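Notebook open, pencil ready. I want to look up a few things here and jot them down as I go.

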Amino acid sequence: MNNAGISGSREQLPTTSDLDVIRTVVETNVLGVIRVTNAMLPLLRRSPSPRIVNVSSGVGSLTRQVGSVGNDSAGPVAVAYSPSKTFLNAVMLQYVRELDGTGILVNAACPGYVATDLNGFRGVRTPQQGAATPIRLATLPDGGPTGGFFEDAGVVPW
Ligand SMILES: NC(=O)c1ccc[n+]([C@@H]2O[C@H](COP(=O)([O-])OP(=O)(O)OC[C@H]3O[C@@H](n4cnc5c(N)ncnc54)[C@H](OP(=O)(O)O)[C@@H]3O)[C@@H](O)[C@H]2O)c1
């Protein structure tokens with residue numbers, strides 16, 4: 001379960017962006033996931049039920065970002081955080097392709113808007129509620145989906 005992540009600074013307008021913030025967010029949310037995944041792969045390859053779950057976010061959905069132009073339906077404009085999750089999803093699909101046929105199921109989960117440090121506890125869901133989809137994906141039966149992006153309500157559009 002790749003859960004560690006950061007949101008970066010509070011204000012992330014692209015026109016006034018701090019490149020160091022973008023770099024740090026990508027370092028943690030994307031490169032950190034690659035590092036941890038690759039460190040764990042030898043163990044996963046020996047597991048009878050290997051699963052990789054990346055805790056992503058619906059704000060990384062390009063479809064939802066396009067749909068949110070003119071309204072606030074996909075969260076605030078965030079030039080570091082949102083694209084870091086899009087990047088993470090794209091990286092995940094490369095793992096899905098490379099690991100095809102190994103039995104390792106690789107999926108992304110959005111926990112929803114959860115009250116945590118990440119958002120100053122403004123989220124409306126509890127951590128227990130946010131954990132439901134990640135846990136479901138971490139405990140998928142053999143032959144379950146791989147290369148998907150899920151939230152409690154179902155599939156998140158790319
Ligand atoms: N909260 C939401 O509404 C929401 C929505 C969608 C997706 N997510 C995603 O859910 C995941 C968990 O976030 P959260 O809401 O639970 O936030 P959180 O309470 O801030 O927890 C983030 C966790 O990541 C760890 N972490 C951050 N940077 C790290 C690093 N460089 N190395 C190792 N660990 C690091 C933190 O460890 P320390 O405490 O030691 O710093 C902390 O345990 C994140 O990937 C986030 O993007 C959250």
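This is a predicted model: local features need pLDDT of at least 70, side-chain atom pairs count only at pLDDT 80 or more; totals for chains, interfaces and linings use all residues.

I count residues from 1 along each chain as its sequence is written.

**Ligand.** I looked up what surrounds the ligand and got 17 residues, the closest being Ala4, Gly5, Ser57, Thr116 and Leu118. Near means that the C-beta atom, placed from the backbone, lies within 6 Å. I sorted this shell into eight nonpolar, eight polar and one charged. Gly counts as polar here, while Asp, Glu, Lys and Arg are the charged ones.

**Val36.** I found Val36 in helix H1, residues 19–46. Helices are DSSP runs of H or I with at least four residues, and strands are E runs of at least two.

**Sheet.** I traced an open sheet of four strands, ordered S1-S2-S3-S4 with mixed pairing. S1 (51–55) and S4 (154–155) are at the edges with a single partner strand each, so one side of each has no neighbour in the sheet. To pair, two strands need at least two DSSP bridges between them. S3 (residues 149–151) and S4 run antiparallel over two bridges, and Glu151 has Gly154 in S4 as its bridge partner.
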